[in-house]
Amino acid sequence: MPLETVSVDTERDVSRVRRAITAYADNLSFDLLARTHLVTAASELARNMLAYAGGGSVRIAKLRHEARVGLKATFEDQGPGIENLDEALSDGFSSSLGLGLGLGGARRLVDDFELETAVGEGTTVSIASWHEPDRHPPGGP
Amino acid sequence: MERIAIAQIGDCLLVTIQVDMHDRLALTLREDLGQRLVQTQATGVLLDISGLDTLDTFIARVLAGIASMSKLLGAETVIIGMRPAVAMTLVELGLTLDGVNTALDVERGMALLRRKNA
Amino acid sequence: MPNEPQQPSAVLLNAVLSKTIRENRQEILQEWMGEQLAADTLRLDLIDEQTLELESREFLEVLSSAMSSGDAIDLESPPWQTVLTALEELSRSRDEAGFSATETATFILSLKQPLISRATKDLAREDFNAEVWLISKALDRLALYTTEVFQTRREATIRRQQEEMEELATPVVKIWDGILALPLVGTLDTRRSQKVTESLLEAIAATGSEVAILDLTGVPTIDTRMAQHLMRTVAATRLMGANCILSGIRPQIAQTIVHLKIQLGDIKTEATLAAALKSAFRESGLTVVGDS
Ligand SMILES: Nc1ncnc2c1ncn2[C@@H]1O[C@H](COP(=O)(O)OP(=O)(O)OP(=O)(O)O)[C@@H](O)[C@H]1O
Ligand SMILES: [Mg+2]
């Protein structure tokens, strides 16, 4: 179920993405560590979009599978694309002055990670994390 | 313009970061701190990040940058109060900030600076 | 989940079904109640007839509004999410009341007969078959969903119990003011080791402890993943402003660590928990009186 689309054109929008995902994760009662992992991964991807593609958009959606709920964020840009994907995903590779930890790190922080890219056309990265709401009322068994 | 306040305690500068720190704010802080260090000749910088609930590679890099800049200006930096979830996330990203001082709270940060500068 | 290709008449059949439910709600409800009361899965010891009727009426309403808002039965679409939510709620309360998964699924399945007989009344033969198929399939899926909810709840309970046991197995103990110890036992799997780290870090924050002793005396062997995990725990502890001491590393583990070429770097290690404690005292500026 789509929840919101945030367009990323300035660095302020990167914070907006973080805040939006924090709010939705809280809403679905993600635990603190899972939320922090997801928000941090989103922050890295939004930042990459801005740095290497001049901006793009983030679609946030709620997923559900049986009794589990998930939060998915899709980062889509029309930038230059990534020529060597293996290289870009490996820790320590950066075409800029970065640490080269963003992409590989984001992948480690979430449950699902998908990346599609075409040189000259753009890059789409989607990440998702899952959570099983505790169905017992507080204080219950 | 929005900025993060810098307080002076003895010969230490104390910065308390409470907001979701966006990039511009982080860069402004680095500049402001540089100026204050030169003005005050402070020998220590305490960066209290207990209010931050996320830290990505960019902000971590700015914090590490503040630490090395301060060192050049004669001050030790201590990063204070990193939350458990933030620490685990940074390590997962592959960032361990080796060589940067850390402390559980401001009091212990001050004690650490006293030991370092003794 | 991709939609199955819709037959040309499927949309029409959905419309028929939707209209049938809307216009014959009372009759359908009565027949449905009849089916439920006659079923041998009826549990009047767990639910009274009035509540059963209320729940049936409510569910029919939810179903009816989901039917009327779309032209295809797609459990992934927002209107159907409401139906799924209602089913989750129902399965939850039935599970808690002591119903079995089958008894709960029967609640949905017994709606088949009343729906089919009403919705197919005026249909031509080929449409009749398609409509029966459509209704059966939809209700089967909803019934299956209730069993899935049961299943997931069972799994969650087992997992919770497991977690409780694990918490017991890895207690973070405060052995002195400012000193925590985490005696690790057995082998740690990935999920559990993350939990252990999390509880250690939270205990550090809560107690303001500057030293954490990770005691490996109870750990017989260690693999790469676990060794790396230990290193990550040490790094995260340091980021917070505390220090780790590893103690009780058995020769086999030491060998693995050397063999894996894992850099212990400047991590402090001690042979025994007692030695680690002494070293922690020193670090906190305490002296052990009477120590030889
Ligand atoms: N959206 C994108 N479009 C084009 N290239 C990209 C995109 N995202 C990442 N890249 C490429 O992949 C490389 C690795 O990205 P990654 O985020 O891992 O490191 P970084 O951004 O260089 O540094 P860090 O994120 O650690 O500050 C980048 O240097 C860049 O060349
Ligand atoms: Mg990056």
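Before the first click, one term: a residue counts as buried when its relative accessible area is under 20%, as exposed when that is over 50%, and as partly exposed in between. Also keep in mind that this is a predicted model.

**Stop 1: an aromatic pair in chain C**

Select C:Phe281. At 11% relative accessibility, C:Phe281 falls under the 20% cut-off, so it is buried. How do the rings of C:Trp176 and C:Phe281 sit relative to each other? Their centres are 5.1 Å apart and the planes meet at 80 degrees, so this is an edge-to-face pair. Show the cartoon too: C:Trp176 is in strand S1 (residues 173-176) of chain C, while C:Phe281 is in helix H11 (residues 273-283) of chain C, so the pair ties together parts that are 105 residues apart in sequence. Over all chains, the structure holds four aromatic pairs.

**Stop 2: an arginine among rings**

Staying in chain C, pick C:Trp32, C:Phe59 and C:Phe107, which make up one aromatic cluster.

**Stop 3: the cores**

Next, go to A:Phe75. Together with A:Ile127 and B:Leu55, A:Phe75 has the most contacts inside the largest nonpolar core, which has 100 residues. Helix H9 (residues 224-240) of chain C gives the most to this core, with nine residues. Apart from it lies another core, of 37 residues, and C:Ile21, C:Trp32, C:Leu115 and C:Ala138 are among them.

Back at A:Phe75, show what surrounds the side chain. Leaving out residues up to four places away in sequence, A:Phe75 touches a set including A:Val17, A:Ala42, A:Leu45, A:Met49, A:Val58 and A:Ile127.

**Stop 4: ligand 1**

Which residues are closest to ligand 1? Select A:Asn48, A:Tyr52, A:Ser94, A:Ser95 and B:Arg61; they are the closest of the 20 residues that surround ligand 1. Colour by chain here: the surrounding residues come from chains A and B, so the site is shared between chains.

- an oxygen atom of ligand 1 to an N or O atom in the side chain of A:Tyr52, 2.6 Å
- a nitrogen atom of ligand 1 to an N or O atom in the side chain of A:Asp77, 2.9 Å
- an oxygen atom of ligand 1 to a polar backbone atom of A:Gly102, 3.3 Å

Notes: Residues are numbered from 1 along each chain as its sequence is written. Chains are lettered from A and ligands numbered from 1 in the order in which they are written. This is a predicted model: local features need pLDDT of at least 70, side-chain atom pairs count only at pLDDT 80 or more; totals for chains, interfaces and linings use all residues. Side-chain values use heavy atoms; hydrogens and water are left out. A nonpolar core is a set of buried Ala, Val, Leu, Ile, Met, Phe, Trp, Tyr and Cys residues joined through side-chain atoms within 4.5 Å. Buried means under 20% relative accessible area, exposed over 50%, partly exposed in between (1.4 Å probe, protein chains only). Helices (H or I, at least four residues) and strands (E, at least two) are DSSP runs, numbered from the N terminus. Contact means heavy atoms within 4.5 Å. Rings of Phe, Tyr and Trp (its six-membered ring) pair if their centres lie within 6.5 Å; planes under 30 degrees apart count as stacked, over 60 as edge-to-face and the rest as tilted. A residue is near a molecule or strand if one of its heavy atoms lies within 4 Å of it. A polar contact is a pair of N or O atoms within 3.5 Å; within protein, one must be able to donate a hydrogen and the other to accept it, and residues adjacent in sequence count only if both atoms are side-chain atoms.
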